[in-house]
Amino acid sequence: MKLLEDRIRKDGEVLPGDVLKINSFLNHQVDPQLMMEVGEEFKRRFKDARITKVLTCEASGIAPGVMTAYQLHVPMVFARKKKPSTLNDAVYWANVFSYTKKVTNKICVEEKFLSADDTLLILDDFLAHGEAVKGMVNIANQAHAKIAGIAIVVAKTFQGGSSWVKDHGYRLESLANIDSFKNGQVHFLGEE
């Protein structure tokens, strides 16, 4: 998605450890028009997949997740990183390691929001090592839900998560595919 790639080039910052900081439009401040276009593009790519729900993870997956769900006319469910006191004990759990924060989070979704009748679009802001996606796949499997595909706003293809998704037979659609961060610059897949 050219618009997204242009925004990453303009406002993104490559940090040590192969971290891409895009908090001016997605990970802290949200550009709703760009997120709406992200939702429209995922709708275009998954329009025939009979999706019943979008599953994402808090917090940065919520903006593109809700816009995609809006475009698909389905609910969005997000995995929480901490179980609130208002949540009953009937939850699906998965451990997710964050390479950025160097911490393991237990994510959870209340069981009543996912079932074997669902066809899910798993969506996340970033795909690097694939830990968040693996956690959401685990939760979907606990619910016996069908997974129509994995939708990613930005994939760092060189960190293994994209390969894991494909190797496990899931359809992967990512809007910006980063091949490397050579010399502190973002290089997209297929660029010369």
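**Exercise 1.** Determine whether Asp 18 is buried, partly exposed or exposed in this predicted model.

*Solution.* Begin with the cut-offs: buried means under 20% relative accessible area, exposed means over 50%, and partly exposed lies in between, with a 1.4 Å probe and protein chains only. Asp 18 has a relative accessible area of 33%, so the residue is partly exposed. As for its backbone, Asp 18 is not a glycine, yet its phi is positive at about 60°.

The model is predicted, so that local features need pLDDT of at least 70 and side-chain atom pairs count only at pLDDT 80 or more, while totals for chains, interfaces and linings use all residues. Residues are numbered from 1 along each chain as its sequence is written, and side-chain values use heavy atoms, with hydrogens and water left out.

**Exercise 2.** Classify His 73 by its accessible area, and describe its phi.

*Solution.* The relative accessible area of His 73 is 69%, and therefore His 73 is exposed. Next, the backbone: phi of His 73 is near 60°, a positive value in a residue other than glycine.

**Exercise 3.** Work out which residues Lys 43 touches beyond its neighbours within four places in sequence.

*Solution.* Taking contact as heavy atoms within 4.5 Å, and leaving those neighbours aside, one finds Lys 43 in contact with Gln 71 and Leu 72. Lys 43 is itself partly exposed, because its relative accessible area is 32%. Gln 33 lies 10 residues from Lys 43 in sequence, and their C-alpha atoms are 15 Å apart in space.

**Exercise 4.** Find which residues a cis peptide bond joins.

*Solution.* The bond joins Glu 58 and Ala 59, with omega at about 5°.
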